[in-house]
Amino acid sequence: MPSAPDFPLLCPVCRSSLRPGADGARTLVCGAGHSFDAAKQGYFNFLVGKGTAFEADTAEMVAARFDFLSAGHYRPLAEAVAELAAPALAGAGEGRPAVLDAGTGTGHYLRALLDRFAPGRLGSNSTESERVEGGGVRPERSGPETVPLAAIGLDISKFALRRAARMNPEALNVVGDVWQPLPVADNAVDAVTVIFAPRNAPEFARVLRPGGRLVVVTPRPGHLAEIAVQTGMLGIEPAKDERLAASLGGHFAPVVARDLDLALALGPRDVTRLAFMGPAGHHLDPSALAALEAALPPSTSVSARFRISVFAPTA
Ligand SMILES: C[S@@+](CC[C@H](N)C(=O)[O-])C[C@H]1O[C@@H](n2cnc3c(N)ncnc32)[C@H](O)[C@@H]1O
Ligand SMILES: [Zn+2]
């Protein structure tokens with residue numbers, strides 16, 4: 001948990017500013033006296049009132065996602081997202097650069113971004129090819145990307161947030177609904193990242209500073225096609241570019257997009273985790289998946305096909 005929020009947070013009840021309470025980072029209070037205590041795992045629950053109807057990811061779905069992502073299969077995606085979000089954060093004005101990860105899940109992708117900006121790491125271009133001949137690495141250098149990020153991870157699933165709070169203790173982890181007004185002041189963040197999660201375009205545009213960037217990851221046609229039928233993941237349509245642009249409805253203009261294809265070789269357990277961790281997990285039968293797992297070969301070739309799209313607010 002951050003020692004104090006670095007960005008202007010808004011009370012989810014009355015929309016006035018939230019500040020750390022008398023016991024420091026474990027309580028947030030607003031001027032009207034609304035008070036929010038951190039859960040013992042360190043996240044805050046900002047869901048108030050009835051909110052919108054939703055089907056939050058279950059503990060089992062979240063565990064499947066955590067285990068699959070921890071195995072590193074989507075690591076190149078996390079690195080690509082961090083790379084594409086970095087310029088908006090490195091180009092932030094005064095103060096710490098700030099990011100909102102909407103639908104943060106277990107916090108996996110936010111972790112990569114926090115690491116990229118962690119003090120003491122190599123700068124933004126520290127790829128393998130920059131390693132010095134003979135096995136060393138270039139000396140550490142300081143630069144805009146060595147300023148630690150201020151970060152909020154928001155998700156509607158408290159099971160996800162428990163994991164995210166452990167994964168990213170330096171971030172503010174908030175249970176909240178992306179379809180409600182976000183608990184963040186206007187023009188307060190430099191980047192919003194949305195990885196396979198819902199997009200509230202007007203709210204993302206409101207919280208982004210001018211010059212900030214929205215980074216969205218969507219699946220492309222053929223994503224996980226090899227296992228879609230066996231695992232019951234059929235029917236989850238890849239987002240079409242036009243549909244993505246339409247969903248951002250007049251609030252954002254495309255800046256750049258990068259396609260990333262990963263050829264995965266997955267063991268049986270990771271195939272079923274992959275099926276269970278996504279939206280299909282809401283209706284998949286765990287016993288059928290266990291039977292499938294027993295029948296799968298030791299390794300299955302699976303193509304993951306992503307598009308990472310970067311948008312700028314239009315107004
Ligand atoms: C497919 S998961 C992706 C999670 C994470 N970004 C990742 O890629 O590992 C979608 C996430 O969106 C969250 N989510 C769904 N509806 C939401 C809402 N209305 N507000 C906030 N989060 C939501 C889910 O709980 C889930 O963690
Ligand atoms: Zn309040």
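Me: How are the donor residues of the zinc ion (ligand 2) spaced in sequence?

Reply: The spacing reads C-x2-C-x15-C-x3-H. This is a predicted model: local features need pLDDT of at least 70, side-chain atom pairs count only at pLDDT 80 or more, and totals for chains, interfaces and linings use all residues. Residues are numbered from 1 along each chain as its sequence is written, chains are lettered from A and ligands numbered from 1 in the order in which they are written, and side-chain values use heavy atoms, with hydrogens and water left out.

Me: What are the protein donors of the zinc ion (ligand 2)?

Reply: They are Cys11 (SG), Cys14 (SG), Cys30 (SG) and His34 (ND1), at 2.1 to 2.3 Å from the zinc ion. Donors are N, O and S atoms within 2.8 Å of the metal (3.2 Å for Na, K and Ca), so these atoms count.

Me: Why is the arrangement around the zinc ion (ligand 2) called tetrahedral?

Reply: Its four donor atoms subtend angles of 101 to 115°.

Me: What is the order of the open sheet of four strands?

Reply: The order is S1-S2-S3-S4, and the pairing is antiparallel.

Me: Why do strand S1 (9-10) and strand S4 (35-37) stand at the edges?

Reply: Each has a single partner strand, so one side of each is left without a neighbour in the sheet.

Me: How many bridges join S5 to strand S8 (residues 172-175)?

Reply: Two bridges join S5 to S8, and these strands run parallel. Asn45 stands opposite Val175 in S8.

Me: What makes the approach of Asp155 to ligand 1 a polar contact?

Reply: A polar side-chain atom of Asp155 lies 2.6 Å from an oxygen atom of ligand 1. A polar contact is a pair of N or O atoms within 3.5 Å, so this pair counts. A backbone N or O atom of Gly103 lies 2.7 Å from a nitrogen atom of ligand 1, and a backbone N or O atom of Ile156 lies 3.2 Å from a nitrogen atom of ligand 1.

Technical notes:
Polar contact = N/O pair within 3.5 Å; in protein donor to acceptor, adjacent residues only side chain to side chain. Pairing = 2+ DSSP bridges. Tetrahedral: all angles 85-135°; square planar, octahedral: opposite > 155°, others 65-115°.
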